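User: I am new to this structure and would like to learn how to read its features one at a time. Please begin with a single residue and widen the view from there.

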Amino acid sequence: MSIKSIALVAATIAATASFASADSYFEFGENLESSSILDLGLVRAEGAGVVEIYDFATGQVGELLGTETVNAGANTDVRVNLGSRPKQDVIAILKVDGQAVAERDYEIIQ
């Protein structure tokens, strides 16, 4: 394999890796109804992982409120059981292999 071919393969791998990390996101908007089960809708993950919901009342990540596992690709109707209704804003963090790949903060509507 020539050096030019190796460089092309390396560039292709790097471009794919960058694209993959941009492929994780939360689809729903910025408001959620106050409920002990938060409906996040579609969550797309670049790999199998977990959605973690944290208190975000102060604008900083606080107490962990609940988690839900997700598969690689599109996960429809993702729901996270918190056990009780959140009274303040929350933040959802999607982690794949222990690394945060997407996040969205939500205003909780009472």
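**Reading the model step by step**

Analyst: Let us begin with I108, which is found in strand 8. Please keep in mind that the model is predicted.

User: Is I108 buried or exposed?

Analyst: Burial is judged from relative accessible area, and a residue under 20% counts as buried. I108 has a relative accessibility of 8%, so I108 counts as buried.

User: How far apart are I108 and S35, in sequence and in space?

Analyst: The two distances are read separately. Along the sequence, 73 residues separate I108 from S35, while their C-alpha atoms are 8.9 Å apart in space.

User: Which elements make up the protein chain, and in what order do they run?

Analyst: The protein chain has one helix and eight strands. Read from the N terminus, the order is α-β-β-β-β-β-β-β-β. As for burial, 30% of the 110 residues of the protein chain count as buried.

User: Which residues of the largest nonpolar core touch the most other members?

Analyst: A nonpolar core joins buried nonpolar residues through their side-chain atoms. The largest one here has 18 residues, and those touching the most other members are F26, L38, L40, V51, I53 and L94. Two or more residues each are given to this core by strand 3 (37-45), strand 4 (49-55), strand 6 (73-81), strand 7 (90-96) and strand 8. Strand 3 provides the largest share of the core, with four residues.

User: How many salt bridges does the structure hold, and where should I look?

Analyst: The structure holds one salt bridge. It joins the side chains of K95 and E52, at 3.0 Å from N to O. Distant parts of the chain are linked by this pair, with K95 in strand 7 and E52 in strand 4, 43 residues apart.

User: Why do K95 and E52 fall into their accessibility classes?

Analyst: The cut-off under 20% for buried residues applies again, with partly exposed residues lying between that value and 50%. K95 counts as partly exposed because its relative accessibility is 23%. E52 counts as buried because its relative accessibility is 12%.

Definitions and conventions. Residues numbered from 1 in each chain as written. Predicted model: local features only at pLDDT ≥ 70, side-chain atom pairs only at ≥ 80, totals over all residues. Heavy atoms only, no water. Core = buried A, V, L, I, M, F, W, Y, C linked by side-chain atoms within 4.5 Å. Buried < 20%, exposed > 50% of the residue type's maximum accessible area, 1.4 Å probe, protein only. Salt bridge = Lys/Arg side-chain N within 4 Å of Asp/Glu carboxyl O.
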